[in-house]
Amino acid sequence: MAITDRHAATGVQTFDSVSPATGEKVGTFPVDGPEQVAAAVSRACQAARWWAGLGFAGRRRRLLAFKGLLARRGEELCDLIHLENGKPHDDAFIEVLLVTEHLDWAAHKAARALRPRRVAPTLLARNHSARVEYQPLGVVGVIGPWNYPLFTPLGSISYALAAGNAVVFKPSEHTPAVGRWLADAFAEVVPEQPVLQVVTGFGATGDALCRAGVDKLSFTGSAATGRKVMAACAERLTPVLLELGGKDAMIVDDDADLDAAARAAVWGGIANAGQTCIGIERVYAVDPIYDRFVEKVVQRAAKLRAGPGPDADLGPITVPGQLEVIRRHLDDALARGARALVGGAGAVHPPYVEPVVLVDVPEDALVMVEETFGPVLPVVRVHDADEALARANAGSYGLGGAVFGRRRATRLARALRAGMISVNSVQTFALVPGLPFGGVGESGFGRVHGEQGLRELSSAKALVRQRVRLPFDLTSFERPDRAVDALARLTRLRHAGGRRR
Ligand code: NDP
């Protein structure tokens, strides 16, 4: 994407968003610079005070109205996602389905999750009552990717709004129209103040948002950009939440339902043309069931087609540069002895990539270690579940994963180094709004969704209030020496034996 125009009268630079399938222009958007971003954040500061002042009930009513609007105009939104991102209409619908569930959950549960809680003081402050309150942060900056242009940013936006914050959202340069649609739709149900604003542009616009003095920055995108975001936010000590890439593994054990596992592997690895942060990018199947499992995967994957028509299972690769990454990973794997049982070297025909199933892939091939972000599924034979676990955990990412099996499944799920695991299904954790979403290692830190997501986008405040006056005050220069002596004796009595009394 490149700057396409400079408006003669205003000097505002603009860029076009185009359909990755047809090259058709979707819309023209301003390239917002630091000045425009700062102005949006300043407007948001004022809107945040108004929005916080509505309280949970007032916000719930408006968020549910927003949810209703998304559900009513879902078709229009799916058409736009299909046009701008390229994904099939049904896949766009899954995004609408997910965001309405999450919005509903966040709107209903925020008051309970963020209600003030009493905390029992210990001996030193027994005469006080103590509680923790969760207050809005103020303005949350959200930077989102293009692969799930609705679901991913709303994972932060819904929870930030429910917690009482205003939001300034920078969508990817590849999906600005979806971002603009969202902000316009929100303004229809909340016309009073600019509680949700969108700024558009390229990476520099995102960088400006990081430096604009927002109270928290929630970033979803690649690990490489995540590092830049964190460095930019460090300038003003702006706290960050990073939802980054993944290289999710699926383990198939010897007592797994192989049909279910094959269905899940094909969906998890190939749906959305593999452009899913929680996509299955590696499958480890144990030796006794390996051949039967691979056969079932191949049968299913071989039926899928990429293309422009309504019957296509996969849409185009949204970002042209990603085609080169996929081609490089494929060529590297084939050159190192991998065999393609579905697809192959010719699978990449821009802007599409046909599904590929690889076997005999060496563990250090690019397709096993770097995020491929294409419909390429390597299926690796391992001796047993423990070897599968060791290999799955060897990577630097740790976003999601899946385990198929019975006896050992829960143990394996716990031991997988990742933030989210589905047992006997794939990616299902994203369907449960109450569960936290996020990863470990190079997949980032912090959580969206669920109670943790609401608290992540709030400020925890500690409050103590004296209930009863004691004869002396520990936090005072006027306390008598004997008080310290008495406390020293008490400390020895309570703690020196090592056991809690
Ligand atoms: P990028 O990291 O390239 O971009 C993400 C966002 O950051 C875009 O809006 C981009 O703007 C913006 N950006 C680029 N440079 C900067 C900068 N220097 N400062 C601030 N913002 C910047 O990711 P993609 O859009 O390519 O998305 C794919 C990646 O996202 C994959 O790695 C995928 O795994 C990950 N992802 C993670 C998810 C999760 O929940 N963990 C969910 C979905 C995707 P622009 O596009 O205009 O350059």
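**Helix packing, cysteines and backbone features**

Trp 50, Trp 51, Ala 52 and Gly 53 in helix H1 meet Gly 55, Arg 59, Arg 62 and Leu 63 in helix H2; contact means heavy atoms within 4.5 Å. The model is predicted: local features need pLDDT of at least 70, side-chain atom pairs count only at pLDDT 80 or more, and totals for chains, interfaces and linings use all residues. Residues are numbered from 1 along each chain as its sequence is written, and side-chain values use heavy atoms, with hydrogens and water left out. Helices (H or I, at least four residues) and strands (E, at least two) are DSSP runs, numbered from the N terminus.

Two packed helices are described by the angle between their axes and the distance between the axes. Axes are lines fitted to C-alpha atoms, for helices over the stretch in contact, and angles run from 0 to 180 degrees between N-to-C directions. H1 and H2 (residues 55-72) cross at roughly 105°, and their axes come within 7 Å. H1 is therefore roughly perpendicular to H2. Angles under 35 degrees count as roughly parallel, over 145 as roughly antiparallel, 65 to 115 as roughly perpendicular and the rest as oblique.

H1 (residues 34-53) also packs against helix H7 (residues 203-210), at an angle of about 45° and with the axes 9 Å apart. This pair is oblique. The crossing of H1 and H7 is right-handed. A crossing is right-handed if the near helix is turned clockwise from the far one by less than a right angle, and left-handed if anticlockwise. Pro 34, Val 37 and Val 41 of H1 meet Thr 205, Ala 208 and Leu 209 of H7.

Helix H5 (residues 151-162) has twelve residues. From first C-alpha to last, H5 reaches 16 Å, close to the 16 Å expected at 1.5 Å a residue. The expected span is 1.5 Å times one less than the number of residues. Twelve of the twelve residues of H5 are buried, where buried means under 20% relative accessible area, exposed over 50% and partly exposed in between (1.4 Å probe, protein chains only). Among them are Phe 151, Pro 153, Tyr 159 and Leu 161. Gly 164 follows H5 and has a positive phi, near 100°. Helix H6 (residues 176-189) has 14 residues that should span 20 Å, and its end C-alpha atoms are 21 Å apart, which agrees. The buried residues in H6 include Trp 181, Leu 182 and Phe 186.

The whole structure holds zero disulfides, a disulfide being a pair of cysteine sulfur atoms within 2.5 Å. The sulfur of Cys 45 is 15 Å from the closest cysteine sulfur, in Cys 233, too far for a bond. Cys 45 is partly exposed, at 33% relative accessibility. The sulfur of Cys 78 is 19 Å from the closest cysteine sulfur, in Cys 277, again too far. Cys 78 is buried, at 0%.

Cys 277 lies in the loop between helix H9 (258-270) and strand S12 (280-286). Cys 277 is buried, at 18%. Beyond its neighbours within four places in sequence, Cys 277 is in contact with residues including Asn 147, Glu 371 and Phe 373.

Phe 373 has a positive phi of about 60° although it is not a glycine. Phe 373 is buried, at 10%. Asp 360 also has a positive phi, near 55°. Asp 360 is partly exposed, at 45%. A cis peptide bond joins Pro 350 and Pro 351, with omega about 5°.
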